[in-house]
Amino acid sequence: GNQIILGRWRSGELAGRKTALLGLVERGEDPIEASCRIARDLASIDLQPSKLVRKAILTMESTYPGQEGEEGFEEIYDEHEMVYDVGLDESIEPQDTESMEPRWVEIDRIPYSEMPQDDEFWYPPVIEGKSLRGGFTFEGENIVKKHVWEVPRILDDIYEDAVDGDLAKLKIEDLKYVGDCIGLKIPGVSWRRAAPPRGVKADVIRALKDW
């Protein structure tokens with residue numbers, strides 16, 4: 001579509017600013033379950049879990065200096081960026097909640113100046129359908145370092161395709177990509193090349209299990 005849902009926060013550390021539907025994963029939840037709950041809590045909308053697609057995992061590192069002799073602190077966390085395509089048979093109308101005022105916004109009118117600084121770097125490629133990995137380093141609310149790159153697929157989703165945790169059920173291309181992501185060096189194996197002979201698959205699986 002040509003629109004996305006953004007909301008103005010009514011309270012909290014983001015009060016007055018705009019973001020997509022954003023929240024924390026609670027203990028015992030996976031990111032898909034959390035996304036559905038967050039959509040209900042912030043916009044009173046129900047999503048179909050099977051239609052949520054993880055398009056980016058971004059590591060956020062923030063440093064907050066102390067004030068008046070107080071010690072500063074750091075926080076590091078991963079953001080799982082999900083995309084939900086609204087079907088022609090669906091009608092999703094976000095409703096104001098205690099925390100947020102969500103609205104449909106035209107993609108070419110996304111108000112980046114009213115949003116966290118990192119959004120303008122990863123929203124456009126994700127909206128184009130690309131998958132991303134990387135991260136941002138902040139001092140307070142300002143970006144001091146960024147490193148974001150396109151990937152064929154999100155690593156976590158590849159592992160979820162391994163039925164009962166059996167890596168042999170994965171395609172050789174996915175196995176090679178997993179190895180590349182975690183820094184395994186296997187001679188002659190790279191996800192950027194054509195699939196090697198079938199016998200190499202066992203070598204990759206053995207290396208991954210020994211990692």
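## Salt bridges

A search of the whole structure, which is a predicted model, turns up ten salt bridges, each defined as a side-chain nitrogen of Lys or Arg within 4 Å of a carboxyl oxygen of Asp or Glu. Side chains of opposite charge can pair when their charged atoms come close. One of the bridges joins E26 and R37, at 3.7 Å from N to O. E26 sits in the loop between β2 (18-19) and α1 (31-43) while R37 belongs to helix α1, so this pair ties together parts that are eleven residues apart in sequence. Helices here are DSSP runs of H or I with at least four residues, strands are runs of E with at least two, and both are numbered from the N terminus.

R37 and D41 both lie in helix α1, four residues apart, about one turn of the helix. An α-helix has 3.6 residues a turn, so residues three or four places apart point the same way. R37 is buried, with a relative accessible area of 15%, whereas E26 is partly exposed at 47% and D41 is partly exposed at 45%. For these labels, buried means under 20% relative accessible area, exposed means over 50%, and partly exposed lies in between (1.4 Å probe, protein chains only). Elsewhere, a network of salt bridges links R8, R10, D96, E101 and R103.

Residues are numbered from 1 along each chain as its sequence is written, and side-chain values use heavy atoms, with hydrogens and water left out. Because the model is predicted, local features need pLDDT of at least 70 and side-chain atom pairs count only at pLDDT 80 or more, while totals for chains, interfaces and linings use all residues.

## Overall build

The protein has five helices and seven strands, and from the N terminus on its elements run β-β-α-β-β-β-α-β-β-α-α-α. Of its 211 residues, 37% count as buried. Among contacts (heavy atoms within 4.5 Å) with a separation of 6 or more, 53% come from residues 24 or more positions apart.

The accessible surface comes to about 13,400 Å², and 47% of that belongs to carbon and sulfur atoms. Accessible areas follow the Shrake-Rupley method with a 1.4 Å probe, and for residues only the protein chains shown count as cover.

## Strand pairing

Two strands count as paired if DSSP finds at least two bridges between them. Strand β3 (residues 52-64) runs antiparallel to strand β4 (residues 73-84), and twelve bridges join them; S62 has E75 in β4 as its bridge partner. β3 also pairs with strand β6 (residues 131-139), this time in the parallel sense and over eight bridges. There, M60 has F136 in β6 as its bridge partner.

Three further strands to follow are found in an open sheet with the order β2-β1-β5 and antiparallel pairing. Its edge strands are β2 and β5 (100-106), each of which pairs on one side only. Seven bridges join strand β1 (residues 3-9) to β5, and G7 stands opposite P102 in β5.

In helix α2 (residues 119-127), the buried residues are D119, W122, Y123, P125 and V126. These buried residues pack against β1, β2, β3, β4 and β6. After α2 comes G129, whose phi is positive, near 100°.

The structure holds four aromatic pairs. Rings of Phe, Tyr and Trp (its six-membered ring) pair if their centres lie within 6.5 Å; planes under 30 degrees apart count as stacked, over 60 as edge-to-face, and the rest as tilted. F121 and F136 form a tilted pair, 6.2 Å centre to centre with 40° between the planes. This pair links distant parts of the chain, with F121 in helix α2 and F136 in strand β6, 15 residues apart. F121 is partly exposed, with a relative accessible area of 35%, but F136 is buried at 1%. F136 also forms a tilted pair with F138, at 6.4 Å between centres and 40° between planes, and both F136 and F138 are buried. Ring pairs also link Y112, W122 and Y123 into a cluster.
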